[in-house]
Amino acid sequence: MVNGYAPSGMREALDILSKTSAIPYAGGTDLMIQEVPADTNYLFLHRIRDLKCITVDAEYFICGACCTYTELLNSRHTPDLLKEAIARIAAPAIRNTATIGGNVANASPKADAALILMVTDTLVRIQSKNGVRIVPISDLYLGRGQIDLLPGELITEFWMPNNRAHLPHSYEKVGGRKALAISRVSFAGISDVSDGQITHFATAFGAVSDVIIRRPELDALLIGKSIEEAKVAKEEYLAKMDETLVPIQGRVSAAYRKAVCMNFLEDFLAKNGI
Amino acid sequence: MHKISNSVTKKDHDEKVSGSVKYVGDYPQIGMLHGKLIRSSYAHARILGVQTPELPEGYFLVDHRDIAGENIVHVVQDDSPAYADGEVHYRGEPIAMLVGPNEEETTRYARLTEVTYEVLPAILDVEESETVFFDYHYERGEMEQAFSDADQIFEEVFYTGYQEQVYLETQGMIAEYKEGHVTVRGSLQCPYYVHGAVAKVLGLTPDKVRIVQETTGGGFGGKEAFPSFLAAQTAVAAVKAQGKPVRVVFDRREDMEFTSKRHPSKSTYKVAVKDGKVTAMDIDVIFNAGAFTTLSPVVLQRGIIAAPGVYNVPNVNVRGRAVRTHTVPTGAYRGFGAPQTFFAVERMMDHIAKALDVDTLTFKRAHLVKQGDQTSTSGIYHYPVPLPAMIDDVLDRSGYLKKRKNYEKAGIERDRHGIGLSLWFHGAGFTGSGERDFIKAKVALQKTADGKVEILASNSDIGQGIKTTFAKIVASELSIPYEEIRISNPDTSRVPDSGPTVASRSLMIVGELLRRAAIHLRSEWREGEAQRVEEHFVEPEFMIPFRLDDFHGDAYPTYAWGVAAVEVKVDALTGVNEVVGCWSAFDVGTPIDLNVVVGQMEGGVLQGLGYASMEQMNYDKDGRIRNNSLSDYLIPTAMDVSHLDVQMHIEEYPYGPYGAKGAGELPLVGIPAAYVAAMEQAVSFPFSHIPLTAEETLVALSGQSAREAQKT
C-alpha cells in the first residue's frame with residue numbers, strides 16, 4: 001500500500017509540502033526499492049508540467065527537475081557533456097523513468113548527472129510556498145545522502161551556464177560492467193583554452209568520497225595562465241589534487257580509486273597540452 | 001545438418017512469453033503457511049539454546065527434534081543434517097524454521113528468535129583445513145623417468161574463485177502432508193534426488209512421497225543437490241503443520257549467501273618438457289568443499305580427469321583433494337569441476353609456450369589428442385576429435401593470427417589490445433559408470449486410445465528446452481506432429497526415474513531412450529488402444545569399464561569439444577576492459593534444435609566471461625559472504641560482449657539420438673582461459689587466477705604482480 005498526493009500544479013505541490021512530511025517522488029527509481037515505514041507519504045510529481053521543461057536562454061541551459069534521462073537524451077538543447085554521462089547511466093528502462101532532479105536530491109557521490117552539474121557550476125532553483133532561492137549546486141551537498149533543503153522546499157530547475165556547458169570536455173566512468181553499473185570512479189573536466197591562454201579549467205570527481213569532489217580553488221591554479229605557465233604549475237596542481245583526493249574503500253580499494261582519479265586528471269591535462 | 005535440427009517453437013514458449021506460467025512463488029497465499037529459516041550466525045559454534053518470542057496461535061518453530069526419520073539429507077554421502085543438531089559448521093547453516101500464516105510476521109518472529117552459541121574456532125582457509133573429505137589419485141606412465149629426462153621443468157599455481165549460479169528464480173519449495181503422504185512441489189532439477197532425500201528425513205516409504213517439479217526459472221547446477229535440503233526442511237515443517245501447505249521462497253540475498261556455488265580451487269602444475277614437447281604433468285588440485293561433502297566427490301572427479309586438458313601427455317600424475325572448511329557447502333555449477341582445471345591447464349600451456357618462445361597455438365596443436373589416443377584415465381577417445389577443423393574455423397572468423405601478431409608489441413596508447421584462444425572438451429554424461437551402476441535410467445511413452453502420446457521421464461525443463469527436444473525426438477520417430485506430443489513437468493507419482501537433469505546427460509542418454517521407446521511403440525502401434533512402452537538404459541559395448549579406485553577406464557563414452565578466441569581492449573588508465581568479441585566453435589554432435597543449442601552456447605560463453613572477470617565473491621574473516629546482492633555480485637549484461645559469434649561443428653555420436661552428445665555445460669568450461677590469455681597479451685603480464693579484476697589489471701600495467709597487490 002502506498003499513500004500519497006498527486007498534485008497537478010506547482011502551487012498545490014508546494015502547499016502540500018508545506019503542511020506535510022510527504023517525500024517528493026519523481027522517477028522513483030531510488031525510492032521504490034527503499035524499505036520505509038508503512039505510514040510514509042509521497043508527493044508524486046509526475047503531473048506537474050512546470051518540472052518538465054527543457055530550454056535554453058541567452059545565459060543558461062535550463063531543465064526541470066523531473067526531466068527523465070531519456071527526455072534529456074532526446075532533446076537538442078541538452079549539452080553533449082550531459083548526454084555523454086546520461087547515456088551511460090543504468091539501462092533504457094531506468095533512464096525512461098529516472099529524473100535528473102532525483103539524481104541530485106539523492107545526494108549520492110556516485111550520481112552521474114550531478115557530476116556534470118558540479119563541473120559546470122550549475123545553479124539550482126529551489127522553490128517553496130514562501131519563495132524561490134537559487135544556489136550553486138556545490139552549496140547544496142552537506143554529505144552522503146544529505147542535502148541542504150529546508151522543510152517545504154523542492155528542487156525545481158537546473159540552470160547550466162552556456163559558457164560552461166559547451167566547452168571542450170572529458171567524461172570518464174568506471175563501472176563494474178558496461179550497463180546497469182553504479183560508478184566506482186567518475187571524472188568530468190571542462191576547459192577553455194584560446195590563443196594559448198587558459199581562461200577556464202574545472203574538474204570534478206565522483207564516487208570516491210562522501211560527496212562529489214570539486215575544488216575550484218585548486219583548478220584556479222591553472223586559470224589565467226598560458227599553457228607554458230600551466231606546465232610549470234602542473235606539478236604543484238597535481239600534488240595539491242593528490243592531497244585533496246582521499247578516496248574511501250568500497251567495492252574497489254581506496255588505492256585503486258586514487259590511482260584512477262590521478263590517471264584521469266593527468267590525461268585531461270595532457271589533452272589540453274599541459 | 002540433420003533435419004531434426006530445424007528449430008521449432010519451444011513447448012513452454014507461449015506460457016512464458018505471455019507470463020501466464022506459475023512458479024512456486026506465484027501460487028495463491030490462501031491457506032498457505034510461510035516458512036522462514038533461522039540460520040547460524042557463526043561459522044562454527046555449539047548451539048546452546050533456541051528461544052522464540054511468545055508466538056501467537058498458528059505460529060510454530062520446527063527443528064531437528066521434529067524429524068521423524070533420519071536427520072540426514074542424502075546427496076552422495078550422508079553427512080549433512082536437515083536441521084543442525086548441537087553444532088553448526090558454517091555461517092547460515094539452518095538451525096530451525098519459523099512457520100506461520102502471515103509472511104511478514106513469520107519473518108519478524110524468525111528475526112526475534114534468539115539462538116545462543118558457544119563459538120568454536122573456524123577454519124576458513126583451505127590451506128589450514130584439517131579434514132580432507134576426498135583424496136583421489138591417478139597415474140599413467142613413468143613420471144620419475146620423464147622428469148629426470150626433462151630439458152626443462154615448469155611449475156605454477158593457479159587459483160579460481162566462487163561462482164554463483166544467479167538463476168532468475170530463487171530457490172523455492174511447497175510441501176503438504178496429508179494422511180501419511182507428503183507432496184513436495186518445487187523449483188528443482190532432480191525430482192528423484194529430492195524424492196529419496198525427503199523419504200529418508202520423514203521416515204516414509206517411497207510410495208508415500210510425491211515430488212513435483214514446478215516450472216523452474218533456471219538451475220545451472222544450483223538446483224541439483226540444494227533442493228533436496230530445502231525440500232527436506234520444508235517437508236518436516238509440513239508434517240508439523242498438519243495438513244496445511246508450507247511454502248519457503250528465498251529472497252535473493254538469502255539465496256546468494258547460503259546456497260551452493262562453484263568450488264574455489266587451487267591447482268599446482270609441474271610440467272616436464274623434452275625436445276620442445278610436454279612429456280609429463282604432475283598436477284595437484286585442491287577444491288574448497290565447504291562444511292559438508294554434498295556433491296564434492298563427483299565435482300572433484302570430473303575436475304581431475306580434465307586436468308591434463310586436450311593434450312596427449314604420456315606421463316601423468318594427478319592428485320585431487322576436496323577439503324572441509326567452515327563455509328557454505330559448494331556444489332554443482334555448469335561445468336562441474338572442469339572449468340577450474342581447464343583454466344589451469346590452458347594457462348600452463350600458454351605460459352610454457354611463452355617461456356620456450358614458441359607460438360602458443362602451434363605448441364598446443366603439437367600436443368592435441370586424436371581419435372584412438374588414450375584419455376587421462378587410460379580410456380580411449382573412441383570417436384573423432386574435430387579440434388583441428390574447429391581451430392581453423394575460429395582462426396578464420398576471428399582473424400586471430402593477424403591480431404595476435406599485431407597485438408604482440410607492448411602498447412603505449414590508452415587502449416591496449418589482446419586476443420587469446422583456448423581449447424577444451426566436456427565429457428558427456430555422468431563420470432565413470434554412474435549411468436550403469438546407479439542411475440539405471442528408465443523412460444516410458446504412454447499412448448491413449450485416441451492416439452495421443454505422452455512422454456514420461458523425470459528430467460526437468462529448467463530453461464534448456466528439454467521438453468521441446470524430447471518431444472521433437474518422439475514426434476520424429478512416430479511421424480506425429482511435434483505439437484501433439486504431450487510432456488508435463490515431472491511428477492514422481494507418474495513418471496519413472498530416468499535420472500537427474502545434470503551432467504549434460506538428459507538429451508544424450510534419456511533422449512536416446514525416448515527415441516528407442518518411440519521406435520518400439522511405432523513397431524507395436526495398435527489403433528484405438530491405450531498402450532505403454534518402457535525403455536531401460538544399456539551401457540554401450542565399446543566402453544572400457546571405469547574403476548573409481550584407480551581412475552582407470554573410459555570416464556565418458558564420448559566428448560563434446562570447444563574452441564574459443566576472445567579479444568579484449570584494456571583501458572590503461574583504469575584497467576577496465578571491453579570484450580571486443582568472442583568467436584567460438586562447439587561440437588555437441590547433432591543439435592536437436594539449433595536455436596536451443598545456439599542459445600545454450602551463447603549463454604554459457606557469457607557465464608564463462610563473467611566467471612573470469614566481474615563475478616567476485618568471497619567471505620570475510622568471520623566466514624560471511626558479503627557479495628550477496630545483485631549490485632555487489634555483478635554478472636555480464638548483453639552490453640558486455642558486443643560480438644558473440646558461435647558456430648556449430650557436428651561430429652555425430654552413434655549412441656546419442658540422431659548423433660547428439662552432451663551440450664549444456666560445454667560452452668562455459670574453457671572461456672576463462674581464452675579471456676585471461678587475451679588479457680595477458682593486452683597488458684604484457686602473466687596471470688594465474690580468476691576472477692581477474694580491473695584493479696589487478698591496473699596494478700599489472702604498472703608492473704607489479706597482481707596477486708601481490710591484492711594481498712597488500
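This is a predicted model: local features need pLDDT of at least 70, side-chain atom pairs count only at pLDDT 80 or more; totals for chains, interfaces and linings use all residues.
1. Now look at the helix itself. Does the length of H11(A) agree or disagree with what its residue count leads us to expect? With 18 residues at 1.5 Å a residue, H11(A) should span 26 Å, and its end C-alpha atoms are 26 Å apart, so the two agree.

2. Four strands of chain A form an open sheet in the order E11-E12-E13-E14, and their pairing is antiparallel. E11 (169-174) and E14 (213-214) of chain A stand at the edges; each has a single partner strand, so one side of each is left without a neighbour in the sheet. Helix H11 (residues 254-271) of chain A packs on this sheet, where it touches E11, E12 and E13 (197-206) of chain A. The direction of H11(A) makes about 20 degrees with that of E12(A).

3. Let us zoom in on one strand pair. E11(A) and E12 (residues 185-194) of chain A run antiparallel and are joined by six bridges. Which residue of E12(A) is the bridge partner of A:Tyr171? That partner is A:Ala188.

4. The buried residues of H11(A) include A:Tyr256, A:Val260, A:Phe264 and A:Phe268. Others among them are A:Arg257, A:Cys261 and A:Leu265. What covers the buried residues of H11(A)? The cover includes E11, E12, E13 and helix H10 (227-244) of chain A, together with helix H18 (694-701) of chain B.

5. That brings in the second chain. In total, 16 residues of chain A are in contact with 13 residues of chain B. H11(A) supplies six residues, the largest share of the side of chain A that touches chain B. Sorted by class, this side of chain A has nine nonpolar, three polar and four charged residues.

6. B:Val21 lies in the loop between helix H1 (13-17) and strand E1 (33-39) of chain B. It has 14 other C-beta atoms within 10 Å, so B:Val21 is partly exposed; a buried residue would need 20 or more. Leaving aside residues up to four places away in sequence, B:Val21 touches B:Glu15, B:Lys16 and B:Thr215.

Note on methods:
Residues are numbered from 1 along each chain as its sequence is written. Chains are lettered from A and ligands numbered from 1 in the order in which they are written. Two strands pair if DSSP finds at least two bridges between them. Helices (H or I, at least four residues) and strands (E, at least two) are DSSP runs, numbered from the N terminus. Two residues are in contact if their C-beta atoms, placed from the backbone, lie within 7 Å. Axes are lines fitted to C-alpha atoms, for helices over the stretch in contact, and angles run from 0 to 180 degrees between N-to-C directions. Ala, Val, Leu, Ile, Met, Phe, Trp, Tyr, Cys and Pro count as nonpolar, Asp, Glu, Lys and Arg as charged, and the others, Gly among them, as polar. The expected span of a helix is 1.5 Å times one less than its number of residues. A residue is buried if 20 or more other C-beta atoms lie within 10 Å of its own, exposed if 12 or fewer, and partly exposed in between; C-beta atoms are placed from the backbone.
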